[in-house]
Amino acid sequence: MRLWRVAVAVAGGCGAAYFFLLRRPILTWGATVEEAARRLPGDELLEDADGVSTRAIDIDAPASAVWPWIVQMGPSPRGGAYTYDWIENLLGLNMHSADRVLREFQHPQIGDTIGFGSNRMQLQLLEPERALAWRSEDGNWVWTFVLTDEQGHTRLLSRNRFRLPTAMARIGMLPMEPGSLLMERKMLRGIKERAERLV
């Protein structure tokens, strides 16, 4: 019985440490406090989100060099997600990160669709070299990229908004948050590396 109490106390302590010390940095890696709090294009596609992450990176290239890598993202034959392909492919996502601009995917249109496993995503917002947002068909996930061109340098923000309609969905999302940071940080760095090679 004493071991059980110790286990519960340790689990509770770890949970509290995550919520109060780690969760915010995990959900806002690279973003300023102002960026994480700011309303962004695409937020209107899912107003009452139960979960939000905003991650960001500085890129030493103009938005025109960043945009091509974002618009071609998606499963094969598209450009992948510039992250750990082997992890994504364990999940059956068929991702193969391109190291070149794929001309055939440089002219997206509102209504275009891509698949992320069981999530079918539709392009809902398109402002060339400024903003792009995908929304899942069930309306429970919106993924937005926002670019700010600052005198030849680009600030790139990636925001995910989720509706988690059940208690199990909310609980299940918690262990996924650190994993999403691992993948998204690699993605943002992958976009940065590729865009900076174009200039």
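The following legends describe close-up views of a predicted model.

**View 1. The open six-stranded sheet**. Six strands, paired in the antiparallel sense, form an open sheet in the order β1-β6-β5-β4-β3-β2. Strands β1 (51-59) and β2 (113-116) are the edges, each pairing on one side only. From one strand to the next, the twist averages 20°.

**View 2. The pairing of β4 with β5**. Five bridges join strand β4 (residues 131-136) to strand β5 (residues 141-150), and the pairing is antiparallel. Arginine 135 has valine 142, in β5, as its bridge partner.

**View 3. Helix α3 across the sheet strands**. Residues 63-71 form helix α3, which lies across β1, β3 (119-127), β4, β5 and β6 (153-162). Relative to β5, helix α3 runs at about 165°.

**View 4. The largest nonpolar core**. This core comprises 34 residues, among which Leu156 and Ile191 have the most contacts inside it. Two or more residues are given to this core by each of β1, α3, β2, β3, β4, β5 and α5 (167-198). Helix α3 supplies the largest share, seven residues. A second, separate core has six residues, including Leu46, Leu125, Ala133 and Val142.

**View 5. The surroundings of leucine 156**. With residues up to four places away in sequence not counted, leucine 156 touches Arg55, Ala56, Ile57, Ile59, Val66, Ile70, Phe145, Val146, Leu147, Leu188 and Ile191. One of these partners, Ile191, is named together with Leu156 as having the most contacts inside the largest nonpolar core. In soluble globular proteins, nonpolar side chains tend to be buried together.

How values were computed:
Residues numbered from 1 in each chain as written. Predicted model: local features only at pLDDT ≥ 70, side-chain atom pairs only at ≥ 80, totals over all residues. Heavy atoms only, no water. Pairing = 2+ DSSP bridges. Helix = DSSP H or I, 4+ residues; strand = E, 2+ residues; numbered from the N terminus. Axes fitted to C-alpha atoms, helices over the stretch in contact; angles between N-to-C directions. Contact = heavy atoms within 4.5 Å. Core = buried A, V, L, I, M, F, W, Y, C linked by side-chain atoms within 4.5 Å. Buried < 20%, exposed > 50% of the residue type's maximum accessible area, 1.4 Å probe, protein only.
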